[in-house]
Amino acid sequence: MTPLVELVGIHKRFPGVYALKGVDFDVRAGEVHALVGENGAGKSTLIKVAAGVHDFEKGSYRIAGQAVDIRHPRQALDEGIAVVYQELELVLSLSVAENLFFGRLPHDRGGRVRWGELYDESEKLLAEVGLEVDPKTKVGHLGVAAQQLVEIARALSFAAKVIIMDEPTSALSPREIEKLFVLVARLKARGVGLVYVSHKLDEIMALADRVTVLRDGQRVACKETVDLDEDRLIELMVGRELGQGFPAAGREPGENVLEVQGLTTDQVQDISFRVCAGEIVGFSGLMGAGRTELARGLMGVDRRLAGSVVIAGVPVPANKPPAARNLGLGLVPEDRRADGVFAQLSVRENTSVAALEQFCRLGYVQGGLERRQVGGLVERLKVRTPDQEQEMAKLSGGNQQKALLARWLLKENLKVLLIDEPTRGIDVGAKAEIYQLLDELARGGLAVVLLSSEMPEILGLCDRIYVMSQGRIAAEYGRAEATPEKLLASALPNVY
Amino acid sequence: MSKIFSRIFHSEQAGLLLALLVLCLVISLLSPVFFTAINIKNVLRDASLIAIAGIGMVMIILLGEIDLSVGSTQAVAGVIAVAVLNQMDSVWWALLAALLAGALVGLCNGLLVTKAGINSLIATLGTMAILRGGAMVSTQAVSIQGKVEGFVEVGTGYLGPVPIPVLLAFLLFGLFYYVLHHTILGRYIYAIGGNIQAARLSGLAVDRTRVLVYVIGGVLAALSAFILASRLNSGQPNAGLGFELQVIAAVILGGISLTGGIGTLGGAFIGILILTVLSNGLVLLNVSSFYHDIARGAVIILAVYLDTRRKQSLLRRLLAPPSESNS
């Protein structure tokens with residue numbers, strides 16, 4: 001039987017990342033084909049290629065055996081290929097019906113919308129997905145599960161032959177998940193081909209007919225589900241050599257520097273852990289597990305609802321980032337551009353901004369002292385910039401990252417450094433330098449907290465590892481006992 | 001040396017300075033009165049009112065916020081100043097009362113923006129209306145005459161050849177140039193305006209800085225109110241109508257970007273001079289005052305257009321891939 005959609009030998013590069021290295025993928029009528037892989041394995045890129053969002057350099061795209069040239073999401077939709085993204089793409093302020101027929105409302109020649117027809121058509125579609133709401137309801141008033149059904153109904157309105165679902169159950173309750181499964185079975189029976197992207201292996205084992213595993217932009221397996229079990233899947237997902245370039249272990253942890261008891265914000269629950277001086281402690285977990293939110297909570301940017309944070313014996317007052325900074329807590333955030341750099345300020349101003357008090361006498365910032373100290377760090381961290389007055393925006397990602405590190409290293413009383421996804425979007429050379437630097441810092445007595453979704457760097461660098469899942473700490477491992485399989489098994493969310 | 005020159009000529013202020021010089025040249029060709037000592041003093045004295053309030057506005061806009069209440073503050077602080085003046089028979093008490101009132105207004109604005117989380121455009125639009133109404137109600141829409149000798153000296157007097165308000169404006173310019181470029185407060189203002197998220201995550205005192213800047217803005221607006229009241233020797237409840245727009249237009253014309261974080265006090269002062277010279281020129285050329293509004297409106301639009309252009313070029317720069325040499 002010819003597959004509905006076939007991607008053959010797809011290559012896709014982004015600046016600095018080789019996202020897909022000759023991946024094959026196909027979807028047959030009436031099957032559920034699961035797509036799994038670690039963060040950054042290439043799942044998102046692959047479905048975006050299928051959806052016409054990304055183009056590709058090499059390979060071919062066939063629909064019903066015919067090579068096609070799809071360059072735009074709308075073209076893919078017209079060919080019957082629809083994606084229900086994790087971040088739903090609905091207009092919350094419009095009605096369900098308007099969302100279903102967004103951009104193609106039935107209208108007469110004068111441009112007036114035929115509302116009656118719109119609502120009739122919408123009701124038919126909603127009945128197909130089993131969603132009982134008035135099509136006039138604003139989408140913003142619906143829950144996430146209902147919104148997802150609206151997206152699926154929208155896909156059906158394009159007579160979709162293939163529906164790609166990206167982490168469809170991540171925001172659903174167990175009962176909603178069951179309803180979704182029923183719908184998936186019904187679509188399957190109608191001959192729709194479904195692509196199911198998920199981290200939840202139990203769902204995949206229950207739902208999928210075939211599983212494709214991606215790792216580092218390559219397809220490592222495509223098997224019938226009956227030939228697999230969860231352990232084998234995890235093995236396939238992580239089974240790779242640990243990356244090179246990690247400094248040798250053997251650091252001597254000192255006294256407790258950071259002690260966190262029961263920290264709770266809107267995003268994380270009941271987080272307790274400790275970090276010693278001279279130790280690198282890792283926080284692992286899947287995307288959305290709550291690492292970034294934990295860092296924000298520690299820094300006091302997200303409202304603390306309960307719990308305590310103590311640095312070197314001194315409690316950090318809640319919701320006061322300046323107090324946290326003064327006590328020696330520093331954060332290098334995940335999203336450099338949005339949360340880290342001051343793009344139009346100079347490298348010097350970016351670096352010194354969190355330690356200005358050190359250069360200050362009677363309110364006057366001593367420019368010479370500032371320049372000397374910043375200059376010293378720029379040199380030590382090998383930040384490649386013509387001079388300190390260079391605008392931050394003009395630095396490459398890796399050098400911006402080093403400058404952000406310098407921002408905290410400049411602080412004389414820095415005790416704990418939180419560093420979130422330090423190597424995202426950074427080339428290999430800069431990565432190794434940053435690893436080396438973190439090791440040096442820890443050896444110098446700093447407490448380093450590394451928050452990362454990249455398992456190799458967690459395993460390669462950390463003395464102890466906490467695994468987060470769904471906003472909580474799910475497990476703790478020492479360096480010796482941690483394996484990729486264990487970390488992944490703890491990170492996967494429990495559905496039931 | 002050549003480096004300094006090239007920096008001056010390539011900076012944004014170079015264009016502004018050129019615009020100012022051309023404007024002065026054109027007006028002086030059309031009217032022989034323009035380049036007389038008396039007229040120049042007039043221009044500077046007019047500019048000084050906008051400049052003093054404008055320093056506060058520069059800092060507020062650098063933060064990425066706005067303050068629409070400065071015009072109404074001028075009315076309220078002026079009325080309070082003259083009322084206290086007549087009551088206490090003291091210029092100093094009047095000054096103190098006006099500045100306190102301004103500080104209070106700024107504090108309210110600041111708390112509304114930070115603690116209540118109201119968009120600054122809306123918050124200060126509200127206080128603008130409330131203060132104007134308050135000034136009208138408390139005076140029953142009748143201006144109060146000053147009854148203390150010496151009060152008018154503040155607004156009309158001279159120190160040597162320099163009008164006192166002009167002197168004040170220059171002193172404050174120097175002070176706040178220093179604040180913006182050589183103190184923690186100044187650094188924080190640019191950082192917060194540039195990226196408030198990053199400022200929060202770096203543990204900067206974001207809200208305290210924002211409130212403080214609003215208070216400074218209120219005090220400076222009140223100082224300009226005091227000078228105006230002194231010049232008129234009266235507290236007028238309808239003083240400063242539309243003043244906020246003059247101030248905002250002038251500083252934006254001077255290169256302070258509405259998105260925050262970009263611009264310098266020097267540029268803003270040139271912007272203020274351009275607008276003042278423009279309206280002075282129109283007066284000298286006997287153009288009806290209604291046309292002044294039209295001219296000012298056109299300049300406001302021009303200023304925002306320039307701001308948008310600037311923002312786009314910044315965006316392009318931020319989105320452009322970094323040059324290979326530093327990757």
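Predicted model: local features only at pLDDT ≥ 70, side-chain atom pairs only at ≥ 80, totals over all residues.
Let's start with one pair of residues: L263(A) has I271(A), in β12(A), as its bridge partner. Strands here are DSSP runs of E with at least two residues, helices are runs of H or I with at least four, and both are numbered from the N terminus. Strand β11 of chain A, residues 256-264, pairs with β12(A) in the antiparallel sense over five bridges; two strands count as paired if DSSP finds at least two bridges between them.

These strands belong to an open sheet of four, in the order β12-β11-β14-β15 of chain A, with antiparallel pairing. At the edges stand β12 (271-276) and β15 (314-315) of chain A, and because each has a single partner strand, one side of each is left without a neighbour in the sheet. As background, sheet strands pair through backbone hydrogen bonds, either parallel or antiparallel.

Residues are numbered from 1 along each chain as its sequence is written, and chains are lettered from A and ligands numbered from 1 in the order in which they are written.

The model scores ipTM 0.85 and pTM 0.79. Chain B averages a pLDDT (the predictor's confidence in each residue, from 0 to 100) of 89, and 90% of its residues score at least 70. Residues 321-327 of chain B call for some care: pLDDT stays under 50 there, and the model has 12 contacts for them beyond four places in sequence. Two residues are in contact if their C-beta atoms, placed from the backbone, lie within 7 Å.

## Domains of chain A

The domain assignment (bounds come from an automatic or database assignment) divides chain A into domain 1 (5-238), domain 2 (254-328 + 414-496) and domain 3 (340-412). The centres of domain 1 and domain 2 of chain A, taken over C-alpha atoms, are separated by 34 Å. Their contact takes 15 residues from domain 1 of chain A and 15 residues from domain 2 of chain A.

On the domain 1 side of that contact, α6 (174-189), α7 (201-207) and α8 (230-238) of chain A each supply at least two residues. The most come from α8(A), with four residues. By class, this side has six nonpolar, four polar and five charged residues. Ala, Val, Leu, Ile, Met, Phe, Trp, Tyr, Cys and Pro count as nonpolar, Asp, Glu, Lys and Arg as charged, and the others, Gly among them, as polar.

## Chain B and its interface

Chain B has 14 helices and four strands. Of its 327 residues, 49% are buried, that is, 20 or more other C-beta atoms lie within 10 Å of their own; a residue is exposed at 12 or fewer and partly exposed in between, with C-beta atoms placed from the backbone. Among contacts in chain B with a separation of 6 or more, 80% link residues 24 or more positions apart.

Across the interface, 26 residues of chain B are in contact with 33 residues of chain A. On the chain B side, the elements giving two or more residues are α9 (184-194), α10 (196-201) and α14. Here α9(B) gives the most, with five residues. This side of chain B divides into 12 nonpolar, 11 polar and three charged residues.

## Buried residues and the core

The largest nonpolar core has 245 residues, and those with the most contacts inside it are I163(A), Y196(A), V448(A), V449(A), A81(B) and A98(B). Helix α11 of chain B, residues 206-232, contributes the largest share of this core, 16 residues. Such a core is a set of buried Ala, Val, Leu, Ile, Met, Phe, Trp, Tyr and Cys residues joined through C-beta atoms within 7 Å. Not counting residues up to four places away in sequence, V449(A) touches V275(A), V281(A), F283(A), V416(A), L417(A), L418(A) and I419(A).

V96(A) lies in helix α3 of chain A, residues 96-100, and counts as buried because it has 28 C-beta neighbours inside 10 Å. Beyond four places in sequence, V96(A) touches residues including S122(A), V133(A) and V150(A).

## Two loops with positive phi

Most residues other than glycine have a negative phi. A64(A), not a glycine, has a positive phi of about 50° and lies in the loop between β4 (58-63) and β5 (66-67) of chain A. A64(A) is partly exposed because it has 14 other C-beta atoms within 10 Å.

N286(B), also not a glycine, has a positive phi of about 60°. The loop that holds N286(B) runs between α13 (265-284) and α14 (289-319) of chain B. With 7 other C-beta atoms within 10 Å, N286(B) is exposed.
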